[in-house]
Amino acid sequence: MDNNKLAEMLFPNIDTTPDDMEKRFPERSLEEGAMVTRLGPSPTGFMHLGNLYGAFVDERLAHRSGGIFYLRIEDTDDKRYVEGAVETIIDSLKFFDIKFDEGASKDGDIGEYGPYSQSQRKEIYQTYVKELVRKGLAYPCFLGEEEISEIRANQEAEKLTPGIYGEYAACRNLSLDEIEENIKAGKAYVMRLRSGGNPAEPKEICVADAIRGEVKMPENYQDVVILKANGIPTYHFAHAVDDHLMRTTHVVRGEEWLSSLPIHVELFEKLGFALPIYCHTAVLMKSENGNKRKLSKRKDPELSLDYYKEMGYHPQAVREYLLTLLNSNFEEWRKENPEVPAEDFPFSVDKMSTSGALFDLNKLNDVSKDTLVRISAEDLYTFMTEWAEKYRPDAVEDLSDKEYILKILDLGRSGNKPRKDFVNAGQMIDFISYFFDDKFTIEEDLPAEAAADAKEILSAYLRSYDHYDDQEAWFNKIRDIAVNLGYAAKPKDYKKNPDDYKGHVGHVSTVIRIAIVGRSQSPDIWEIQQILGEERTIARVKALI
RNA sequence: GCCCGGUUGGUCAAGUGGUCAAGACGCAGCCCUCUCACGGCUGAAUCAGGGGUUCGACUCCCCUACCGGGUACCA
C-alpha cells in the first residue's frame, strides 16, 4: 500500500504540512509558569452554572499565573447548532466578569492563534489527517450506520466491548484499488485512527491529572473516528490539534471526559504532540428525588445563568459562591480578608474536590448577603437600577430619586455589625418597597397584645411626635406611651410577670412600625422616619388611625 | 453488561496511620434587643457496609453497596 498515494487521493487540496502549522502557530513566549487555558463551549444551548464553574477555573488559572485565557467555539456538530448560542455564551460570561484575552468575540476573532471556531479550521485538521494517512496511522472507513450497528449487536451478543477495532475494523486493510473504487462509487466515508492499542490485552497507561493525581486506565484500542463524513473532525481530534496549536498548557474540563482520556493520549502521541496537563473537574450536581444528578440544560432552567441574572443576583456574589465550592479554603480566606478583592485569593487546583458538589441555594444566599454588605450603596444603586430597567420596569420610577435611595440602601449598614438585608436585586426592591407611597400597603395584622389599644397608641404617638427628636428622645416617648397604657417598659419585665401587663413596649412599637412600614419587621423605625420625612410619617400614622 | 471516577453530619467540606473527626450554610435553644436583621454563645447531626494490613485506620489493600460519568460520524 502506497500511503502517500492514498493521502493524495483523499486530500488532493491539502498542500500544507504539519511543519507549516508549527511555524504559523509558534510556541507562545510567556513567563515561566504562565498557564494557557481555554473555554471550549459548543453552541448547543444555554449556559448554566456548571459552565461558569468550569470557566472560572480556567480564568483564575490563567490570570493568576500571568497566562492567557481564550475562548474557542467548538462547533463541530452542525446538527446541534443553535442560532445565537455564541452570543449568549459571550454575554453570560461577560456579565459574570469572566474576561478572555483572546479568541472568539462578537467583533470577530482576537489573537494570533485563530481561527477560534472549529468550523473554520477544516484545512488545519485535514493537514494533520493527511499526515497521519501518509504514516499509515489513519485510514478511510466506508462502514455505514447499519453495518456498524450490526457489528455492535454481534459484539454485544458475545459480550465483547463494542466498537470498531482489531478484527472488526473492516476497512483497516482495504487496498488502494478498493478504496478508489468505493470513492468513485460515491460511498461516504469517515477517517479513522489506526489504533496501536492491543484489544486482547490493553496496556495500562498512567496520566497525571492536576486535580485527581495519577489516573490509571487501559490504553485505547478503538479505531476512533477522527474526521466525520462531512470532513469535520470529532471532538477528540479537534481537541488534540487545537490545544496543541493554540499552545494550551492546561486543559480544564468536566470529569465526563475522563473516560475518553485514553483516546486523547493516543492521538497526542500519534500526532507527535506533548500532552497538556489535564484538570478534570468534578461536575456540579443537582439533588432530585434524593439522588444526585448532573446539571442539565434542559431540565434545570433554574440553574441557567440567566436565572441568576433574572433574580438579580450580583455577579460578584455568584463568583464568590462558586469560589467557595471550587476551593474549600476560600471561605476561611475571605473571613480573614473581608475587604480584599476575590481576585487576590490564591486559587489552586489542588484544593479542588474530586466529587461533585451539590448546588445549594441557601449557601448562595448567605454568600450573597455577605458580598452585598461589602458593596457601596452607590454601586448597589447602579446595579439595582440597571437590573430593574430590564426585569422590573414597574420599579424604575420609584428608583429615580437617587439621593433618597442611597439613604435607604445604607440604612443600618454602617458600624461594625452591619445589617445584611439584601440578597439580590429583586428581593432588594421588595424589601425597600414601603419607602414608596405607590407600593406601601399594610401587609400584616397588628400584634394581638396591642391591637385593642392601637388607636390610642397611634394618637398618643402623633400628639408627642417631634420629627427633630433624636433617637433616644424618640424612644423614651414610646416607652412613656407604653407605660401609660399598661404595657411593660422592658420586654423582660413582661416575660417575668406576664399577668401584670397587657404586653410590653415591643408590642407598642410594633403597632407604630406597622403604621409606618406596613410590616412587623423592619430596620430601626426612627431611622426610617428620618428618611421618609415628617410629612409622610405623619400621614401614614393618621391613615392607620 | 463492560470501562472509568466518586462516597466524612441535611448541604459544602478540613483531614492524608495515633485528632475529644476543624470550619461554613441550614436547623434548634439561649444572650443582646422596641421587631427583624446583625453579632455572640450552646446544641443536635458525619467517616456507606464487610473483610483484611497494622500495636493502632476516616486515612493503606480487597470485596460489596450506592451515586455519577462514559460506552456516537455529541460535545
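A: Strand S4 and strand S5 (residues 190-193) form an antiparallel pair with four bridges. Two strands count as paired if DSSP finds at least two bridges between them. Helices (H or I, at least four residues) and strands (E, at least two) are DSSP runs, numbered from the N terminus.

Q: Which residue in S5 stands opposite Pro-140?
A: That residue is Met-191.

Q: Are the faces of S4 covered or open?
A: Both faces of S4 (residues 138-141) are covered. Ala-138 and Pro-140 are buried on one side, and Tyr-139 and Cys-141 are buried on the other. A residue is buried if 20 or more other C-beta atoms lie within 10 Å of its own, exposed if 12 or fewer, and partly exposed in between, with C-beta atoms placed from the backbone.

Q: What kind of model is this, and how is it numbered?
A: This is a predicted model, in which local features need pLDDT of at least 70, side-chain atom pairs count only at pLDDT 80 or more, and totals for chains, interfaces and linings use all residues. Residues are numbered from 1 along each chain as its sequence is written, while chains are lettered from A and ligands numbered from 1 in the order in which they are written.

Q: How many helices and strands does chain A have?
A: Chain A has 23 helices and twelve strands. Its radius of gyration, taken over C-alpha atoms, is 33 Å, well over the 24 Å that the globule rule gives for 545 residues, so chain A is more spread out than a compact globule. The globule rule is 2.2 Å times the number of residues to the power 0.38. The C-alpha trace spans about 110 × 50 × 45 Å along its principal axes.

Q: What share of chain A is buried?
A: Of its 545 residues, 36% count as buried.

Q: Which domains are assigned?
A: Chain A has domain 1 (3-15 + 122-281), domain 2 (377-435) and domain 3 (451-544). These bounds come from an automatic or database domain assignment. Between the C-alpha centres of domain 1 and domain 3 the distance is 78 Å.

Q: What is the phi of Asp-97?
A: Asp-97 has a positive phi of about 65°, although it is not a glycine. Asp-97 lies in the loop between helix H4 (85-95) and S3, and counts as partly exposed because it has 14 C-beta neighbours inside 10 Å.

Q: And Lys-159: where is it found?
A: Lys-159 is in the loop between helix H6 (145-157) and helix H7 (176-184). Its phi is positive, near 55°. Lys-159 is exposed because 6 other C-beta atoms lie within 10 Å.
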